[in-house]
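Please read it alongside the model shown here.

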Amino acid sequence: MKFNKAMMPLIAGILLSGAPILGNADVAQRYEASCAACHDTGALNAPKTGDTAVWAKLKAEKGMPALVQSVRNGGKQMPAGGLCNDCKSSADYAALIEFMSK
């Protein structure tokens, strides 16, 4: 499928809805394999998993597309891709962000 600008509202709606693209077990496994090392403990100032107030503020201030982009590109102490070798799409990253924000 080829991406075009007309698809942006649909893609944004899916990402912003928080609808899991992967099953919860798949997201949990990906989280443990890639995100947990920093987001469980808050290492390197990573927002902690389950800190709903911090995640709500991040999502409100930056928006999901910007959060996904920051994971893809890396930044500050986060490596590009967030150590998720299995993540292939923005939806994969968005599902992990939603998982951490609950």
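Is Cys-35 buried or exposed? With a relative accessibility of 9%, Cys-35 counts as buried, where buried means under 20% relative accessible area, exposed over 50% and partly exposed in between (1.4 Å probe, protein chains only).

This is a predicted model, in which local features need pLDDT of at least 70 and side-chain atom pairs count only at pLDDT 80 or more, while totals for chains, interfaces and linings use all residues. Residues are numbered from 1 along each chain as its sequence is written, and side-chain values use heavy atoms, with hydrogens and water left out.

1. Disulfide. The structure contains one disulfide, defined as a pair of cysteine sulfur atoms within 2.5 Å. Its partners are Cys-84 and Cys-87, with sulfur atoms 2.1 Å apart. The angle about the S-S bond is 80 degrees, and the link of Cys-84 and Cys-87 is right-handed. Both Cys-84 and Cys-87 are buried.

2. Cysteines in no disulfide. For Cys-35, the nearest cysteine sulfur belongs to Cys-84, 6.3 Å away, and Cys-35 is in no disulfide. Cys-38 is likewise in no disulfide; the nearest cysteine sulfur, that of Cys-35, is 9.1 Å away. Cys-38 counts as partly exposed because its relative accessibility is 25%.

3. Four salt bridges are found in the whole structure, the criterion being a side-chain nitrogen of Lys or Arg within 4 Å of a carboxyl oxygen of Asp or Glu. In one of them, Arg-30 pairs with Asp-92, the closest N and O atoms being 3.2 Å apart. Arg-30 lies in helix H2 (residues 24-39) and Asp-92 in helix H5 (residues 90-101), so the pair ties together parts that are 62 residues apart in sequence. Helices are DSSP runs (H or I, at least four residues), numbered from the N terminus. Arg-30 and Asp-92 are both buried.

4. Lys-57 and Glu-61 form a salt bridge at 4.0 Å, N to O. Both residues lie in helix H3 (residues 52-62), four residues apart, about one turn of the helix. Lys-57 counts as exposed at 51% relative accessibility, and Glu-61 counts as exposed at 57%.

5. Helix H4. Met-64, Leu-67, Val-68 and Val-71 are buried in helix H4 (residues 64-73). They lie on the same side of H4 because they cover an arc of only 100 degrees around the axis, taken from the directions from the helix axis to the C-beta atoms. Just after H4, Gly-74 has a positive phi of about 80 degrees.

Note on methods
Helices (H or I, at least four residues) and strands (E, at least two) are DSSP runs, numbered from the N terminus.
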